[in-house]
Amino acid sequence: SPRAHAPGCGAGARLPRRCPAPKKPVMASFRLSIACIALFVAPCTNPQSPQSAPAAPRPENAKVQPFVIAANPLAAQAGMEVLERGGNAIDAAIAVQAMLSLVEPQSSGMGGGTIMQHLDGKTGQLVVYDGREVAPAQASREMFMGNDGKPLGFREAVVSGRATGVPGAVAALALAHREHGKLPWSSLFDASIRTAEEGFIISPRLGRFLPQPYPQLDQPDARRYFSRPDGTRMTTGDRLRNPDYAAFLRRLAKDGPDALYRGSTAARIVARTREGPLAGTMTMADLAAYKPVKRTPLCAPYRAYRVCAPPPPSSGVGMLALLGLLERTDIATRGPNDPQAWFLFAEASRLMYADRDTYVGDADFVKVPVAGMIEPAARTTMSPGTISSIGTLVSRPSRMTRQEDFTIAWSFAIAL
């Protein structure tokens with residue numbers, strides 16, 4: 001969902017710490033709160049045991065060509081430049097994120113949060129770096145209630161300081177870099193600095209966002225940033241420059257995470273979140289105290305593969321649950337142009353999202369029935385009637401109602 005354009009602004013902060021045949025290993029990452037970044041494909045191992053299936057031997061003369069997948073070509077190019085200079089996947093991910101913050105600010109930001117899943121190709125160790133935003137220490141259960149005792153409207157609340165979490169992306173990236181980075185931190189922002197100063201052409205994706213009635217775009221800083229000299233809104237094909245962001249990246253390259261979590265930038269974030277009638281409670285101490293968390297990935301079988309994804313507060317458990325549902329359909333026999341395949345995917349997704357929205361939260365504060373949603377041993381012991389009812393629900397030609405979604409999803413979770 002769109003985020004406010006001021007540094008650190010964004011909805012969704014967590015409270016208060018986080019708003020028979022052998023299986024072929026594979027690694028897959030669910031979409032992160034920042035951007036999907038796929039920097040390499042490598043075998044996924046059980047994070048608590050050595051890899052069970054050895055990789056096939058590679059011919060001595062074979063050469064693996066590095067590649068980067070990102071949500072914007074400029075970001076992918078920034079990552080490739082780092083790899084070509086001898087950097088590794090972590091180095092490239094930092095360069096990619098720095099660029100995405102510039103060219104896709106509606107979706108991603110160095111002032112927001114991230115969850116990164118990393119596989120060490122040498123040791124086979126799989127780890128998740130949780131850099132999600134956290135709520136300020138003074139956040140309360142009543143912070144989104146109005147004076148009349150009723151919940152605030154979304155459009156009113158989402159642009160307020162109360163909807164702003166303490167940003168975690170920079171801290172998580174810095175931790176990953178300290179543990180796995182190869183090139184100097186200071187050398188990973190050159191492409192983004194250059195692009196911010198010279199400007200970039202607004203992409204069709206950002207261009208489609210700009211005319212939409214999102215409340216974030218009504219904020220003075222966003223209107224000013226996305227306006228032409230004559231006051232009209234920019235659109236696809238226009239050149240957009242951001243020298244202030246370039247200046248921040250220079251400080252970040254030189255000073256590390258302190259450029260965001262301490263000093264003048266931190267002070268401006270706090271001041272911005274305390275503006276307006278719905279002021280937030282973030283303090284400089286909240287920013288200085290932020291710590292990313294290392295977590296163990298969730299892994300579950302899917303047909304001939306073992307798929308791993310980040311645990312809560314990520315929605316990776318939802319993706320694994322979705323695969324478990326689809327495994328009980330005939331979607332594998334259908335091609336990408338088969339309407340029935342897309343129907344099966346859509347209906348299984350409806351069930352998955354019902355469970356996700358009901359059960360998935362911050363596991364530090366709520367009990368998330370992860371095992372019940374993805375545990376293969378539990379799935380294989382379901383009664384034939386339960387399996388049949390799920391398969392019928394997903395495969396039937398008529399659409400499910402919202403009530404059915406939740407009722408069947410609940411029954412499915414209990415059965416597991």
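Select Thr281 to begin: in this predicted model, the residue is partly exposed, with a relative accessible area of 25%. Thr281 sits in the loop that runs between helix H10 (263-273) and helix H11 (284-288). Next, display the residues around Thr281. Apart from its neighbours within four places in sequence, Thr281 is in contact with Pro136, Gln138, Ala139, Arg274 and Asp286. One of these contacts deserves a separate selection, namely Gln138. In sequence, Thr281 and Gln138 are 143 residues apart, yet their C-alpha atoms are 6.0 Å apart in space.

**Helices H1 and H2**

Now select helix H1 (residues 73-84) together with helix H2 (residues 89-103). Two packed helices are described by the angle between their axes and the distance between the axes. Here the angle is about 150 degrees, and the axes are 8 Å apart. An angle over 145 degrees counts as roughly antiparallel, and H1 and H2 are therefore roughly antiparallel to each other. Their crossing is right-handed.

To view the contact itself, show the side chains on both helices. On H1, select Leu74, Ala75, Ala78, Gly79, Val82 and Leu83. These meet Ala89, Asp91, Ala92, Ala95, Val96, Met99, Leu100 and Val103 on H2. Coloured by class, this contact of H1 with H2 shows 12 nonpolar residues, one polar residue and one charged residue.

**Aromatic pairs**

The tour turns next to the aromatic rings. How many aromatic pairs does a search of the whole structure find? The search finds six. Select Trp185 and Phe189, whose ring centres are 5.3 Å apart. The planes of these two rings stand at 65 degrees, so the pair is edge-to-face. Are the two residues buried or exposed? Trp185 has 12% relative accessibility and counts as buried; Phe189, at 0%, also counts as buried, because the cut-off for buried is under 20%.

Finally, move to Trp342 and Phe345, an aromatic pair that is likewise edge-to-face. Their rings are 6.4 Å apart, centre to centre, with 75 degrees between the planes. Both residues belong to helix H13 (residues 339-359). Being three residues apart in that helix, Trp342 and Phe345 are separated by about one helical turn. Trp342 is exposed, with a relative accessible area of 55%, whereas Phe345 counts as partly exposed at 38% relative accessibility.

Note on methods:
Residues numbered from 1 in each chain as written. Predicted model: local features only at pLDDT ≥ 70, side-chain atom pairs only at ≥ 80, totals over all residues. Heavy atoms only, no water. Phe/Tyr/Trp six-rings, centres within 6.5 Å; stacked < 30°, edge-to-face > 60°. Buried < 20%, exposed > 50% of the residue type's maximum accessible area, 1.4 Å probe, protein only. Helix = DSSP H or I, 4+ residues; strand = E, 2+ residues; numbered from the N terminus. Contact = heavy atoms within 4.5 Å. Axes fitted to C-alpha atoms, helices over the stretch in contact; angles between N-to-C directions. Parallel < 35°, antiparallel > 145°, perpendicular 65-115°, else oblique. Left-handed = near helix turned anticlockwise from the far one by under 90°. Nonpolar A, V, L, I, M, F, W, Y, C, P; charged D, E, K, R; others polar.
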